[in-house]
Amino acid sequence: MLLLLPVSAFAQQKEVLSLPEIIQKIDSNNILLKTYGLRAEGYRYSADAATAWMPPMVGAGTFMTPYPFQKVMDGSDKGSVMLRLEQEIPNGKKLQARKNYIQSQGNIEKATRAVTLNDLKAQAKGQYFNWLVAAQKIKVIEANEKILEMMKKIEEVRYPYNQSQLSTVYRAEAEIQKNRNMLLMPQGDIAQAKAYLNSLMNRPGNADFRIDTTYEPRFVASVTYDTASLATQRKDVLQMNESIRSMKLNIQSMALDRKPTFRIQFDHMTPLTGMMPKAYSVMGMMSIPIAPWSKKMYQSEIKAMQSNIGAMESERAAMLQETQGMLYGMQAQIQTMQQRIKSLEQKVIPALQKTLDASFLSYQENKLTLTIVLDNWEALNMMQLDVLDEKQKLFQMIIDYEKELFR
């Protein structure tokens, strides 16, 4: 049994997932992301089908056969049985252009997948950082409970000697229960984050795992934001580029509608009388798309597509310009929040900690009442939790910044 204990303990250890591992699982397992791959594959098959020819047409019937009850003067007037074969011969360049256009639709789906993945990454980071902050809050609350327990024991020891009041013992017990009650909210946040991350990874919502609590989000400020580099980073701009490219390929395909298509027709006639020879007819046909009443259709469609492309290009330029200004503003807000948190952590909390230590020392020497110590403890406790709330806001600001940078 002693030999099996380490094995069973190892088997019961929870899986630890870092943020990159969670994002990798989302990328490979998320059901929503799989739909874009299936759509892109569907467009690939449709593109292969675009180069196929129309099937040949086969027909059989009569040729120059008189109506019933008509007087036939000669055997040649009985007509013939006719077999017809017909095949349309498309323009190869038109088929290839159509194939290129359909394939580009698949590229749009892939770009859309990248946009969706960026949104899912932001959601995963938000839940991961909420878990991080909740775990830190639990540590703070549990550490503070030890201080409260010590205060309660001191009061219980002093009470029989009339050095404390019964009300202060109850006050210490109330503060302990209040502190324990504060654990419920971060514990609930962790449970919610775990279920949400499991759903993003396409796992059962109650699947148990832990995160790397040593992870610390970092923000690296940029000196400048160039619209050219933003155009290569932002996924929605890449999606728009693919849409513009697809529309240009569609224009090329529609422009080839001015080229003719061909059709060949072969007829074989077998006379209904032996006096006439077998005969055949071969006919080649060609469409005339440059006719005024037909070319107007594809010319107008091309102009409409060109106008839409111009609108999308202007929208892309406006989007990049707006993003540039937005990123500068978000960077300034993040840096301000970092300075605020740094000041609280390095100046305010140490000062409150010293106040609590000094008052607790005086309390141990029976120079201060428990109420004053509890007030100092509560001020430190609330400030520690407030700093963690500020950190949570900072992490969300970093998430929004990265989402906007790589949207």
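Below are some questions and answers on a sheet and a helix.

Q: What should I know before reading the values?
A: This is a predicted model, where local features need pLDDT of at least 70, side-chain atom pairs count only at pLDDT 80 or more, and totals for chains, interfaces and linings use all residues. Residues are numbered from 1 along each chain as its sequence is written, and side-chain values use heavy atoms, with hydrogens and water left out.

Q: How do you know that β3 and β5 pair?
A: Two strands pair if DSSP finds at least two bridges between them. Strand β3 (residues 80-89) and strand β5 (residues 262-271) have 10 bridges, in the antiparallel sense, so they qualify as a pair. Within this pairing, R84 is opposite D267 in β5.

Q: What makes β2 and β6 edge strands?
A: The open sheet runs β2-β3-β5-β6, with antiparallel pairing. Both β2 (57-63) and β6 (279-286) pair on one side only.

Q: Why are the buried residues of α3 said to line one face?
A: Buried means under 20% relative accessible area, and exposed over 50%. L33, Y36, A40, A47 and A50 are buried. Seen down the axis, the buried residues fall within an arc of 85°, so they line one face of α3. On the other side, I31, L38 and A49 are exposed.

Definitions and conventions:
Helices (H or I, at least four residues) and strands (E, at least two) are DSSP runs, numbered from the N terminus. Buried means under 20% relative accessible area, exposed over 50%, partly exposed in between (1.4 Å probe, protein chains only). The arc is that of the directions from the helix axis to the C-beta atoms.
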